Amino acid sequence: MAVTSLKEYIGVARDRVENYGGKQIVYLSWDHHLLFAAPLMLCLPPATPFGEVLRGPLAALLQADPDAAALDWNEVEWLKDNQPFVPDPSLSLAGNGIGHKDQLRFRTPGRNTLLAAA
Amino acid sequence: MDMKATKKKLGMKERYRILTRDLGWEPGYQSKKAIFPYVEYEGIKVHDWDKWEDPFRLTMDAYWKYQAEKERKFYAIIDAHAQNNGHLNLTDARYLSALKIFLQAISPGEYAAHKGFARIGREFPGVGTQVACQMQAIDEIRHAQTQIHAMSNYNRYYDGFHAFADARDRIWYTSVARSFFDDAMSAGPFEFMIAIGFSFEYVLTNLLFVPFMSGAAYNGDMATVTFGFSAQSDEARHMTLGLECIKFMLEQDPDNLPIVQGWIDKWFWRGFRVLGLVSTMMDYMLPKRVMSWREAWEIYGVENGGALFRDLARYGIRPPKGWDDAEQAIDHMSHQFMLGLYQWSFGTAFHSWIPSDDDMAWLSAKYPDTFDRYYRPRWAHIKKLKAAGTPFKNYGLARLCQCCQLPCVFTEPGDPTLTCHRETVYKGEKYQFCSDGCKDIFEHEPEKYIQAWLPMPALFSELGGDVAAWMDWVSLRDGADNGDYDGSRDQRHFDEWRGLATSNL
């Protein structure tokens, strides 16, 4: 039973992609870089090229981290749905199969200034 | 004319029987099922409602008398506090952030509890239960009122108090408490009792109220201490009701055990998430601290909670499933939270700040295994950014948990350097969570939680991402209610007024 109820009960999902005016939510986080307290949420058109997300809104948000200046997007390892993932920066979010409310994680092994300082 | 009393006054026991149990009757022209339609669908089997014991045996007439007396005392002190500029006796106006969070997130919960108990007092068939729930419903609305009245004095002088109801409904850090109560109120009557009567009142209230009221006393806030005292005797009754209810369910039928255990697992975890706010108040927001969150957890969580679950073991109840994950999180949660509150402080109706060197020394003494290793480097970097004239603001809004609705600030059990990532797909839609505990709750009743109204995604779905429009909508006055305490109007006013009260300049 999907909910404890008196009779059959069907809920309405509040966060469906139709509610975002042609855009979608994407979550991004940088593993082991917890200066950013939680995964970042972006709301973008699905046609946005992935490389543009990295160079534009994501780069702006990551600036505060001391490792950000040395970030090389060609070297990072990606995860989607917590599984290894190889995005094509020239393709759009949709073209890369990145859906509404998907979580992307990236890793930069060996770079971890704020933790190493401890 | 004098009349001689012919009959002795009723004894306590007889009085209770007449004013409580005697009020029930067997319905004649409607079936019990039609009158109490919500009492069976959760699967709890009850064979004899008369087995419900009310250890307090309080009757309504006595109840009114006690409560009226408490109200008179409460308002006398509140008036004195207002007339004597009691707000200038605070240790420091940073303390007010804890109060603002309490008013925006917790006091509305008292009101929600009032509505819930009024409802289940109607839905339960047993008369003893009905009367006890009715009294608790009145207690809860009284608590909401006295808290609002006590804190309204501060609204005359300080920012962030003026729109607590909008904050409760619309802002992002209150939705953990709001969704807790919404979840309970949309459950059946027995689950509601476990959620509020047992988990919240019995297992968690001490962790919320004792440190909070002691914090108020330590920091010179007589108004808040007074509502604490006024509510205290009620809380004892509420805890007893919660415990009585759980024992009643377990004694009535062995089939109730797995259902009750599931609810204990769920509501312990949901309550634990609400306490995240409390941990931050204790470790960061009280200028004069009472004890650390870790120390409070040792006393009220480990010792008291441990004793409770040892007591319930004879019914087959085990400690809540999330207990070990909770224990691991204790040394991290207040730091993870405060770092989040600070970087998103453009969107909070209270102030946060970078802990001073003294504060950090205290935190590192209280959290020797975690603070210096994981959290001090982040604060040090944030301090450097501020000194460089580029204070850290994280405009990347946070991923919220579909269940507890908090920003996902929590880390993997076993790895405090990595955010906990959990997700699931239900009917083709993806959902994100902060922890295994929250994901399990969702997966048990997905049709309920897919309806969650999550404040941060809503900024995009309802307001197109316009932060200024969002601030208007949540009644947040940019530059006054939000941001760093350092340089705030609250700081300026408090220092100036206190200066007038204590010096001749």
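Biologist: Which strands make up the open sheet, and in what order?

Modeller: This is a predicted model. Its open sheet has 6 strands, ordered β4(A)-β3(A)-β5(A)-β1(A)-β2(A)-β1(B). The pairing is mixed.

Biologist: Which strands stand at the edges?

Modeller: β4 (83–85) of chain A and β1 of chain B. Each has a single partner strand, so one side of each is left without a neighbour in the sheet.

Biologist: How should I read the pairing between strands?

Modeller: Start with the general idea. Strands of a sheet pair through backbone hydrogen bonds, in a parallel or an antiparallel sense. Now the case that crosses the chains. Strand β2 (residues 40–44) of chain A is joined to β1(B) by 2 bridges, and the two run antiparallel. A:Met41 stands opposite B:Leu397 in β1(B).

Biologist: How many bridges link β3 and β5 of chain A?

Modeller: There are 4 bridges between strand β3 (residues 77–80) and strand β5 (residues 102–107) of chain A, again antiparallel. Take A:Glu77 as an example: its bridge partner in β5(A) is A:Arg107.

Biologist: What does chain A look like along the sequence?

Modeller: The pattern is β-β-α-β-β-β-α. That gives chain A 2 helices and 5 strands.

Biologist: How do I judge its overall form?

Modeller: Compare the radius of gyration with that of a globule. For 118 residues, a compact globule would come out near 13 Å, whereas chain A has 17 Å. The C-alpha trace of chain A spans about 55 × 35 × 25 Å along its principal axes. Of the 118 residues in chain A, 31% are buried. Among contacts in chain A with a separation of 6 or more, 65% are between residues 24 or more positions apart.

Biologist: How is chain B divided into domains?

Modeller: Domain 1 covers 47–353 + 468–502, and domain 2 covers 354–391. Their centres, taken over C-alpha atoms, are 28 Å apart. In contact terms, 11 residues of domain 1 of chain B meet 12 residues of domain 2 of chain B. On the domain 1 side, α10 (256–285) and α13 of chain B each supply at least two residues. The largest share of that side, 3 residues, comes from α13(B). Its classes are 4 nonpolar, 3 polar and 4 charged residues.

Biologist: Why is B:His149 classed as partly exposed?

Modeller: Count the neighbours. B:His149 has 15 other C-beta atoms within 10 Å. A residue is buried at 20 or more and exposed at 12 or fewer, so a count in between is partly exposed.

Biologist: How far is B:His149 from B:Leu286?

Modeller: Their C-alpha atoms are separated by 21 Å. Along the chain, B:His149 and B:Leu286 are 137 residues apart.

Notes. Residues are numbered from 1 along each chain as its sequence is written. Chains are lettered from A and ligands numbered from 1 in the order in which they are written. This is a predicted model: local features need pLDDT of at least 70, side-chain atom pairs count only at pLDDT 80 or more; totals for chains, interfaces and linings use all residues. Two strands pair if DSSP finds at least two bridges between them. Domain bounds come from an automatic or database domain assignment. Two residues are in contact if their C-beta atoms, placed from the backbone, lie within 7 Å. Ala, Val, Leu, Ile, Met, Phe, Trp, Tyr, Cys and Pro count as nonpolar, Asp, Glu, Lys and Arg as charged, and the others, Gly among them, as polar. The radius of gyration is taken over C-alpha atoms; the globule rule is 2.2 Å times the number of residues to the power 0.38.
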